[in-house]
Every structure is written in C-alpha cells, then in structure tokens.
Amino acid sequence: MNRREFLANAAALGLAGLWAGTGKAAASRVAWREDRSAYPQGVASGDPDEHSVILWTRRPFDQGTQNRLWVEVARDPEFRQVVAATHAPVLAAADWTCRVLVGGLAPATAYWYRFTDDGGQGSRIGRTITAPVAMDPRPVRFAFVSCQSVNEGAQNAYRRMIWEDERAAPDKRLGFVLHLGDFVYEVVEYPDEVPHRYSRTVYDLGRVPDARKVRNFHVPTTLDGYRHVYRAHIDDPDMQDARAHFPFVCIGDNHEFSWQGWQSFIKYDGKVEPAQPLRVAANQAWWEYIPSRVRKASGAGLDQFGPPAVSKAPITTFDDDGFGAEPNNRTAVGSMTAYRALRYGRHVEIILTDFHSYRMEDPTGRPEAAAFDLPDFPMMLPQEVLETLDGGRDYNGGRPPGAITVGDKTVPNFRKDEPRVTVLGSEQKKWLKERLTSSRATWKIWGATNGTLDMRTDPQNLPPGLTSPWPGKTYATFGGGDFSAARSERAEIYDLVRDRQLTGFVTVSGDRHSFWAGYAADALPPAKFDPVGVTFITGSISAPGLAEALEYGLKDHPLRPLFVSQRPGAAPEATVNLSIKRGVRSALDYAAHGDIDRARAVTNPDLAPHLEFVDMGGHGYAVVNAGPDAIDTEFVCIPRPIARAETADGGPLRYRVSHRAPLWKPGERPRLEQHIIEGNADLSI
C-alpha cells in the first residue's frame with residue numbers, strides 16, 4: 001500500500017492518517033511535558049497489521065467543540081528517533097477521543113507514541129507493535145482475555161501480564177492482546193446501595209447519567225451513559241497500563257450493549273423491548289473508546305462516528321434468520337460492523353465474529369421455555385429439549401414434534417414452525433466460512449466471543465433417593481445462552497472444517513468466566529464423537545464466575561455437593577468442575593471424602609470426551625504460542641481478584657497450566673498434551 005492508498009483507507013475507517021514512510025528518523029522538537037491528568041483515560045493502540053496501527057487517546061477540553069493534538073511515533077521511548085508526526089483533530093462530538101492510523105511502519109517492530117496539545121501538555125508514552133509480514137516464519141505469541149468488571153473486582157491479571165512480559169526473552173514477549181468482549185459492564189452497582197456482592201467490595205464508578213434502575217443495577221439509556229461507563233472502566237490504572245503497553249485487538253460481547261440483549265432488543269425482568277437508539281449509542285461509544293478497524297455505516301469521516309437517526313419502534317416481523325425486519329433495527333445494528341480478520345505472520349490468522357448483533361432470540365430464554373424449569377435440578381435442562389428447541393422446524397429431518405415430553409410433563413413445542421437457531425446470521429456466517437476455507441495460515445484461530453464447548457452433566461447417574469428421578473432421557477445441559485447451544489449452526493461450521501479437511505482449526509473464547517480446554521466436536525456420546533479442532537476458553541480478568549456465585553447459593557439443596565463442597569475450616573471447592581468433566585458420581589464422591597484419586601476412579605467416560613480442563617472459578621488470562629508444528633495455550637490463573645494487589649507482579653498465581661496441540665494432518669484427530677507448570681488444578685484436570 002502506498003501513501004495515497006493508505007490515507008484513503010484511513011479516511012474510510014473514520015481516522016486521521018499519518019504516514020511514516022522510509023525517511024530518516026530525527027529527534028523530537030516538541031516541548032512535551034507529561035500531564036496524565038489532561039489525558040485521564042491514557043493512551044491505547046489497536047488492530048496492528050504489518051505496516052500500520054491505530055493510536056488512540058482522549059484529551060478533554062473545557063471550551064470549544066474541537067481542538068488539535070500533535071502525535072509522534074518513534075523507534076525509541078526517548079523520542080530521539082521520531083519516524084512520523086502530525087496534527088490530529090479531536091472533537092467534542094467524539095467525547096474528545098482521538099484516533100490516528102499510522103502507516104509506513106516496519107513489520108514486527110516496537111514503536112513508542114505520545115500526544116501533545118498546543119500548550120505542551122503531553123500524554124503518557126505508549127508502546128505498540130506491528131504485525132509480522134504474512135510469510136514471516138517465526139512463532140506468534142499473544143494473550144487473550146475477556147470480562148473485566150471494575151465495579152466488582154481488581155484488574156490484577158493485567159499487572160501480572162505486563163510484569164511477565166517485561167521480563168521475558170524477546171522471542172517470548174506478547175505481540176498483542178486479543179480482547180474477546182465484555183470490555184465494560186453496563187450494569188453498574190452503586191456502593192451506597194450495594195456495598196458488597198458475594199465476598200467482593202463494590203467499587204464506585206460514579207453515577208451513570210440518566211440511568212435506568214434494574215434491580216440492584218443502573219444501566220445506560222443514552223450515549224452519555226455509555227461514555228461514562230467506558231471512562232469509568234478505563235480509569236482503572238492497571239487497565240490503562242495494559243492499553244499503553246500492548247496493542248489490543250477487540251470484539252464486543254453482550255455487556256457492551258445490554259446484558260440480555262441481542263440485535264437492538266433489550267430484556268429486563270423477562271420483558272423484551274425494542275431499543276434501536278440505544279444500540280446506536282452503544283456502538284458509538286465502543287467505536288469512540290476502542291481503537292480498531294471496524295467499519296461504521298456513516299462512511300468516510302475523520303474523527304466522529306456519525307450515528308444514523310433511528311427511532312424506537314416495535315419489531316414484530318422477522319426474516320428466516322430471526323432478524324428483525326423493522327427498518328430502524330436494521331439501521332441500528334448496521335451502524336457498525338465489527339466482524340473482521342487480521343493476519344499475523346505465516347502461522348496465525350485471527351477471525352473475529354460478532355455473536356450478539358445478528359443472532360435470533362435465545363429460545364431457552366423465552367417465557368414459553370419456563371415450562372422446562374426443573375427445581376429439583378437447578379440450572380439443568382434435558383439435552384433433548386435443547387436440541388429440539390435449537391433445531392426448530394428443521395429438527396429431526398424436518399419432522400419436529402408438536403410437543404416435548406419431560407418426565408410426566410408435556411409442553412407444546414413453540415419452536416416447531418420457526419427456523420433453526422442462528423447466532424451468526426446468514427451474511428456473517430457466509431463471511432466466516434469464506435475466511436476459514438481461504439486462509440493459508442497454519443492456525444485459523446476463530447475468536448468466538450462466547451463458549452463453544454458443550455457444558456453438560458449426567459444426572460441420570462445420581463444415586464436413588466437423593467432427589468427425584470431425572471426426568472430427561474439422557475444427559476443434562478446447562479441451558480442456552482452461548483454458542484454451545486446453537487448446535488445446528490455449530491455443526492454446520494464444524495462439518496465445513498471436516499469436509500474441506502482444514503487443519504489447524506482453533507477456537508478461542510471468553511464470556512464463561514472460567515478456563516476450559518478441549519476439542520471442537522458437534523456431537524458427544526452416545527452419538528459419534530469426531531473432533532475437528534481444539535478449543536480454549538479463558539477465565540475472566542475480574543468478573544465473578546459461576547463457582548463464586550454457587551458458594552452463596554443452593555444452601556439447603558440436596559444437589560449442592562454437585563456444585564460446591566466445603567469442609568470445616570477450609571475454603572469452598574468447585575465440585576461443579578467434576579460434575580461437568582467427570583460426572584455426578586465423581587462430584588458426590590469428592591464432596592463426601594475429599595480424595596481426588598477416588599473421585600476420578602468413578603468418572604463417566606462418555607460424559608465429556610471433549611474436555612481436558614475445566615475450572616469454573618478461574619480468573620486471569622491465556623497465552624497462545626503458535627508455531628509451524630504446534631500451538632500451545634497456557635492458562636495463567638490468579639486468585640480471586642477482590643482487591644488490587646500490592647505487589648508489582650500483580651500478586652501470586654493459583655496455577656499455570658499449558659495445553660499443546662501438535663499440528664494434525666487432514667483426516668487426523670487433534671490431540672492435546674497437558675502440562676501442569678505450577679500450582680494446583682486437581683479438580684480441573
């Protein structure tokens with residue numbers, strides 16, 4: 001790409017463009033004085049490619065509607081070798097955020113950058129790294145993360161990540177951080193109303209402007225509300241340090257818009273509402289605060305989102321993908337297109353998909369599905385019910401039942417005349433298939449924001465008398481809500497991988513607030529288990545997970561030992577890990593005796609052949625090292641982050657566990673090799 005093409009591309013992305021080129025570097029002549037108070041959210045960089053990267057800051061001004069900043073890019077942190085510099089406008093209409101696309105850079109190279117206003121007030125110095133060229137044979141190393149709640153936790157994982165990166169050998173340093181969603185939590189608690197949740201202190205994020213109260217939470221109703229939430233999260237010092245130290249590649253999940261939302265619907269206390277203006281506001285705030293190469297519908301523009309005008313209107317008709325046909329819904333969702341792909345050397349292509357903008361309503365969350373609630377079996381749903389609801393009119397070869405029987409209960413099949421579930425939507429799914437089949441990278445890494453691995457257990461094996469008999473035909477799932485429940489669509493993707501004999505298919509995800517390692521398979525026993533790839537899910541940076549919630553719930557339920565066990569004087573233990581990976585008999589045995597070897601001896605081998613690791617209480621991050629012959633994913637798990645660590649390393653580790661997959665040949669079954677590097681993960685392996 002030459003300079004003219006580069007600047008045209010920058011304008012199309014809505015960015016100011018800066019070309020470094022091949023000229024001689026020179027020392028900075030700017031009278032820069034660092035003043036972090038003038039740049040309260042720090043600096044960041046995002047979506048690097050082999051010759052360019054997007055730089056970001058926020059510099060609020062007290063007067064006027066626009067101003068300008070001087071941006072410099074250098075080969076050294078002292079700015080003695082400045083390779084590019086220019087003025088960039090910053091507008092009140094973009095909440096004083098500034099984005100600059102810098103091109104003409106050398107591949108696989110670290111650069112330092114900073115911003116300065118006309119008065120000499122300067123931002124902190126940021127560091128970024130360009131991607132290697134497409135044929136660079138060196139391994140690629142990156143971290144992937146998700147789910148950071150500043151309201152309810154500390155971002156110690158980022159401090160640990162930076163501390164280890166600064167001490168690593170050059171070839172072991174991270175090239176970027178892949179953020180798989182829930183960068184912010186739009187559900188905000190106020191500490192004067194809710195001082196604690198579980199064992200956590202609720203930290204003050206200020207008052208959300210024009211907020212709507214939903215139970216104990218306050219949620220945005222305007223663009224100003226979303227902007228407040230982003231500023232409050234990025235104000236966290238460890239998050240700011242991470243954004244200044246690494247380039248980030250980001251894709252949103254649900255909390256960037258609305259906890260139980262999809263398309264431009266919101267849902268509170270079971271009531272679904274159209275919210276087209278809110279979807280546009282959420283997209284705009286994301287675009288303003290996350291440096292990325294996503295496209296906006298307003299087209300070419302240098303410095304602001306250009307939101308489309310939409311109205312809140314009922315959405316009553318849907319296409320064959322369950323997408324609301326109402327024009328304002330289409331316009332609101334289409335105001336930003338986030339799915340995209342990025343290449344990193346010979347061995348890695350990152351393929352990012354958006355799981356909430358195009359999906360249809362989750363059938364397990366509809367009011368009609370409440371008939372399947374089983375109080376004797378908390379959180380469990382018979383697998384055959386999930387499969388029937390997912391398949392819709394296509395279930396059973398196009399012959400869905402008119403009713404679904406669970407034990408002695410018969411429930412009308414409200415999905416029998418509806419299309420099968422899609423999370424991706426037709427256009428994005430077509431794009432995903434094309435990217436997977438056309439990629440020449442050794443590892444095709446699908447960034448799927450929420451989990452794809454089945455989460456099930458075997459209550460049919462419960463001992464008699466503990467509770468009522470399990471009413472399902474075989475296994476129990478843990479319901480819908482993520483991509484593991486879109487069974488038909490998941491099988492469509494996996495069948496493509498199998499039929500085209502694609503090797504190096506890897507999925508990385510977040511959202512579950514837990515660590516998982518396993519295999520991409522569209523079916524489990526008693527059906528044929530035939531994996532086509534490997535899959536990893538990272539624990540949350542800080543948001544509470546299921547294991548933590550269960551410590552405070554099901555206190556008198558007879559099945560509590562399936563989820564949590566606690567001996568006198570000891571900390572609670574997450575037996576839910578055993579229920580998911582080894583079965584109910586294993587969990588009950590461990591809860592009764594505390595002997596992990598004895599509990600493993602009663603494993604149900606047919607329950608989870610797709611799983612090598614599960615920790616429903618894990619926090620931290622995952623590090624991927626992808627080379628020509630193998631891919632290795634290392635889980636770096638920290639203790640529950642209820643308070644900010646006092647040490648520079650971010651505090652101690654619970655464990656460090658790696659899973660290595662040698663590159664398999666077409667037709668071969670992928671294989672994971674597990675290695676416990678440090679710590680104790682006995683209930684997870």
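Trainee: Which residue in E29 is the bridge partner of Arg456?

Mentor: Thr477 in E29 is the bridge partner of Arg456. Keep in mind that this model is predicted.

Trainee: What makes E28 and E29 a strand pair?

Mentor: Pairing needs at least two bridges between the strands. E28 and E29 (residues 476-477) are joined by 2 bridges.

Trainee: Now the helices. What describes the packing of H3 and H5?

Mentor: Two packed helices are described by an angle and a distance between their axes. For H3 (residues 223-234) and H5 (residues 276-289), the angle is about 35° and the axes are 8 Å apart. The crossing is right-handed.

Trainee: Which residues meet there?

Mentor: From H3, they include Tyr226, Arg227 and Tyr230. From H5, Ala282, Trp286 and Glu288 are among them. Contact means heavy atoms within 4.5 Å. The residues of this contact divide into 10 nonpolar, 1 polar and 3 charged.

Trainee: What does UniProt place at residues 41-130?

Mentor: An unreviewed UniProt entry places "domain: Phospholipase D N-terminal" there. In the model, residues 41-130 are 0% helix and 56% strand. The end C-alpha atoms are 23 Å apart.

Technical notes
Residues numbered from 1 in each chain as written. Predicted model: local features only at pLDDT ≥ 70, side-chain atom pairs only at ≥ 80, totals over all residues. Heavy atoms only, no water. UniProt positions renumbered as here; feature names shortened; annotations may be inferred. Helix = DSSP H or I, 4+ residues; strand = E, 2+ residues; numbered from the N terminus. Axes fitted to C-alpha atoms, helices over the stretch in contact; angles between N-to-C directions. Left-handed = near helix turned anticlockwise from the far one by under 90°. Nonpolar A, V, L, I, M, F, W, Y, C, P; charged D, E, K, R; others polar.
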